[in-house]
Amino acid sequence: LQERPGSGNRADWREWVERLSQNVRSPRAREAAAALQSLTRPGQPPEGVLRAANAVEDVWEELRP
């Protein structure tokens, strides 16, 4: 059983973010996943929120069927 964010379990979301780059195919999505991983670390500037949102959108576009 693989745990997913939002599925009601208490999986560590940081591990899930780390695994994203292993599960996407395009270079753009891999870069976005790496950016997201970096932007979720403590000490990020406020504008990092917008960059993280854009990274999530890039990864989402890759994962959609």
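Which residues does Ala33 touch, not counting residues up to four places away in sequence? In this predicted model, where local features need pLDDT of at least 70, side-chain atom pairs count only at pLDDT 80 or more, and totals for chains, interfaces and linings use all residues, Ala33 touches Leu20, Ser21 and Val59, a contact being defined by heavy atoms within 4.5 Å. Residues are numbered from 1 along each chain as its sequence is written, and side-chain values use heavy atoms, with hydrogens and water left out.

The protein has 3 helices and 0 strands, and its order along the sequence is α-α-α; helices (H or I, at least four residues) and strands (E, at least two) are DSSP runs numbered from the N terminus. Of the 65 residues, 20% count as buried, a term that stands for under 20% relative accessible area, whereas exposed stands for over 50% and partly exposed for values in between, with a 1.4 Å probe and protein chains only. Among the contacts with a separation of 6 or more, 42% are accounted for by residues 24 or more positions apart.

Two packed helices are described by the angle between their axes and the distance between the axes. Helix α2 (residues 27-39) packs with helix α3 (residues 48-63) at an angle of about 145°, and their axes are 8 Å apart; the axes are lines fitted to C-alpha atoms, for helices over the stretch in contact, and angles run from 0 to 180 degrees between N-to-C directions. Residues that make this contact include Ala29, Ala33 and Leu36 of α2 and Ala52, Ala55 and Val59 of α3. By class, the contact has 10 nonpolar, 1 polar and 5 charged residues, where Ala, Val, Leu, Ile, Met, Phe, Trp, Tyr, Cys and Pro count as nonpolar, Asp, Glu, Lys and Arg as charged, and the others, Gly among them, as polar.

The largest nonpolar core has 11 residues in all, among them Val17, Leu20, Ala33 and Val59; such a core is a set of buried Ala, Val, Leu, Ile, Met, Phe, Trp, Tyr and Cys residues joined through side-chain atoms within 4.5 Å. Each of α1, α2 and α3 supplies at least two residues of this core, and α2 gives the most, with 5 residues. Val17, which lies in helix α1 (residues 13-23), is buried, with a relative accessible area of 6%. When residues up to four places away in sequence are not counted, Val17 touches Leu36 and Gln37.
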